[in-house]
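Colleague: I would like to go through this model with you and ask what stands behind the words used for it.
Modeller: Go ahead.

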Amino acid sequence: MSNIGSYEQRLQGFDWSISERELDYTPGGFINIGWYCSDRICNQGLGAKPALLWEDSQGNEKRYTYDDLRRCSNTIASFLQGLGIEPGERVCLFMDRAPELYIGFVGILKMGAIAQPLFSAFGDESLWTRLDNAQTTAIITQRKHVLKVRKIKDKLPHLKHIIVVDAPQSALKDGEIAFNLDEAPKVDRFDVFQSTAETPSVLHYTSGTTGQPKGAQHVHYSLISQYLTTKWVLDLQPDDVYWCNADPGWVTGTSYGIIGPWANGVTQAVLDSGFGTERWYAFIQKYRITVWYSAPTAIRLLMREGTEVAKKFDLSSLRHLASVGEPLNAEAVIWSKEAYGLQFHDTFWQTETGCMVITNYPGMPIKPGSMGKPFPGITATVLNPRTHEPVNQTGVVGLIALRPGWPSMIRGYWKNPTGYANKFRNGWYLCGDRASIDGDGYYWFVGRDDDVINTGGHLVGPFEIESALLEHPAVAESAAVAKPDPLNMEVVKAFITLKPGFLAGDDLELDIMNFIRKKLSPLAMPQEIEFTQGLPKTRSGKIMRRVLRAQEFGEPVGDISTMMDE
Amino acid sequence: MDELKKVVREYVVREYIEDGDDREVNDTTPLISGGIVDSFSMVSLKRFLERKFQIQIPDAQATPEAFDSVAKIAELVRRFKPDA
């Protein structure tokens, strides 16, 4: 029997108080995600239960029980407090999937600071943009990533503490602090910060069409929906061993790679390694993974290797599969049934929603290629793009919109109230995606409604790429748009005009690709560059990305009456 | 000395390892599964190989497994250019 039971019955009279009661939360009272993920589970008599089974690419292993998690997170919280870090300050986690990332996240929340996880593959410019915007005061990182921090620290006046978890003090520079969790004396008792529902908890950066990335501000009350969606959608049960592929630098990696499973008292396994089909299957076999939350790009990479590779491993422990990041194509759903005997359940949500909002549920028939149905307590619809009124007609494409008010919705963008206000129309929150609803109430994803590029499940903003491209000595002007891709759904394509004296060619293309990869991130790197004599612009001189995007997708370019004549 | 492996190794170190990072890359160091080159960055590595050795590597053969070490990359290149 699944945790959700009947989806239809759960819809009847649903109220988020069901989650509050299960978590013994009293409205207006104490709620601290860090405490709920560690101390509370120990208080339930589960201190000896494994919380984290960790392994890296070399096969090194570490295991932490819930009591280890409690004490180790206390130790990190106490260490940060000892540095003078105050509640509300932003503490960045910038590292690979080391245990310190997961435990540090819990520790930061326990001492009342705001956790700011950032993808460790970010280049120094992407890192600087986000640390500068958040006025981050401390960063916890690793030896190999501190090199990027060193390049930008002089431009970050608010950054007071650079903490390195895997290097001796002798290997560090002035102003950097070595912290070794394994060797640090463990702190058994720690006064957890008495946060309440609206106390800020996590700051995740996400990209939009215009401007630099925005900091999505979450609060401790987000736990209410993260706990329940984990329980009902991922169906985590006491004996499960759960594996979430997402990196905690992104929201899936925190909402469902830390908060959801640990607040439910479940054992999770983490593989700190890059992709490898056999490596992944061996990991599932070794740890007897039962519930697996993955992403379409990874699933399509596994598909390329075929079912024969899967059959070489004992994957019989798997009992429930889910996917997130971009729409899961019907072929992948059908293939997973063939390869694993189970179908992937697609889930739709985003950084701003904090939790899954439209998903497929255990026990509910899957329509391959569909996003599923709204989670109980989420009021969703599709809006007419011009009137912003609900379409109320099956099969008609509109803008996916949600009624605000669920517990994990962001409370704003960091220092950007206008950007937040622009996300609403007629009292609806606009996700920025287009979909239709069929006669059975299933949602069907169509695409983005803006210029943001969804590559491998990550949103990349064109403005950030174009700004960085202008720093390349050869680039005069550029436009970054999405290009369809069979593996990643979309990839970045850049249209570039060159400065006088530079010649288009293969070497220059590769040089520009690597320039962006190192400066921003591998996700932002254009996978194709088209050198052009000019870019389509409005008469006021604004580059019309939509014309280029339509060209890539083979779609009509729409109204071009404002386009400047050549 | 295998010149092909040397060229690949030098490129990987130059482009994918930060200045000051003392990690060593030998012929069998895991590149993809070891987190030195991610699956997105494989695209620029593939582009480099295609230009340097004047070959075309089909996407279906440009798998994370095929790019997981200098030795495997050299093996892949030689499939398309035996005298490389």
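**Domains, interface and a helix**

Modeller: In this predicted model, 23 residues of domain 1 of chain A are in contact with 19 residues of domain 2 of chain A.

Colleague: What makes a pair of residues count as being in contact here?
Modeller: The C-beta atoms, placed from the backbone, have to lie within 7 Å. On that criterion 23 residues of domain 1 of chain A and 19 residues of domain 2 of chain A qualify. Elements giving two or more residues to the domain 1 side are α7 (124-134) and α12 (296-305) of chain A. α12(A) provides the largest share, 4 residues.

Colleague: How many of the residues on that side of domain 1 of chain A are nonpolar, polar and charged?
Modeller: There are 9 nonpolar, 11 polar and 3 charged residues on the side of domain 1 of chain A that touches domain 2 of chain A.

Colleague: Where do the domain bounds come from?
Modeller: From an automatic or database domain assignment. For chain A it gives domain 1 as 7-434 and domain 2 as 453-553. Taken over C-alpha atoms, the centres of these two domains of chain A are 29 Å apart.

Colleague: Why is chain A called as compact as a globular protein of that length?
Modeller: Chain A has 18 helices and 27 strands. For its 566 residues the globule rule gives 24 Å, and the radius of gyration of chain A is 23 Å, close to that value, so the description holds. Along the principal axes, the C-alpha atoms of chain A fill a box of roughly 70 × 60 × 50 Å. Of the 566 residues of chain A, 54% are buried. Among the contacts in chain A with a separation of 6 or more, 69% are between residues 24 or more positions apart.

Colleague: How does the radius of gyration of chain B stand against that of a compact globule?
Modeller: A compact globule of 84 residues would be near 12 Å, and chain B has 12 Å, which agrees. The C-alpha trace of chain B spans about 35 × 30 × 20 Å along its principal axes. Buried residues are 33% of the 84 in chain B.

Colleague: What elements does chain B have?
Modeller: Chain B comes to 3 helices and 0 strands, and from the N terminus the order is α-α-α.

Colleague: What makes up the side of chain A that touches chain B?
Modeller: The contact is between 24 residues of chain A and 24 residues of chain B. On the chain A side, the elements giving two or more residues are α8 (143-152), α11 (277-287), α12 and α17 (506-519). α17(A) gives the most, with 5 residues. That side of chain A divides into 9 nonpolar, 8 polar and 7 charged residues.

Colleague: Which residues of α2(B) are called buried, and what does a residue need for that?
Modeller: A buried residue has 20 or more other C-beta atoms within 10 Å of its own. In α2(B) the term applies to Met42(B), Val43(B), Ser44(B), Leu45(B), Lys46(B), Phe48(B) and Leu49(B). Their cover includes α17 of chain A, together with α1 (3-16) and α3 (70-80) of chain B.

Technical notes
Residues are numbered from 1 along each chain as its sequence is written. Chains are lettered from A and ligands numbered from 1 in the order in which they are written. This is a predicted model: local features need pLDDT of at least 70, side-chain atom pairs count only at pLDDT 80 or more; totals for chains, interfaces and linings use all residues. Two residues are in contact if their C-beta atoms, placed from the backbone, lie within 7 Å. Ala, Val, Leu, Ile, Met, Phe, Trp, Tyr, Cys and Pro count as nonpolar, Asp, Glu, Lys and Arg as charged, and the others, Gly among them, as polar. The radius of gyration is taken over C-alpha atoms; the globule rule is 2.2 Å times the number of residues to the power 0.38. A residue is buried if 20 or more other C-beta atoms lie within 10 Å of its own, exposed if 12 or fewer, and partly exposed in between; C-beta atoms are placed from the backbone.
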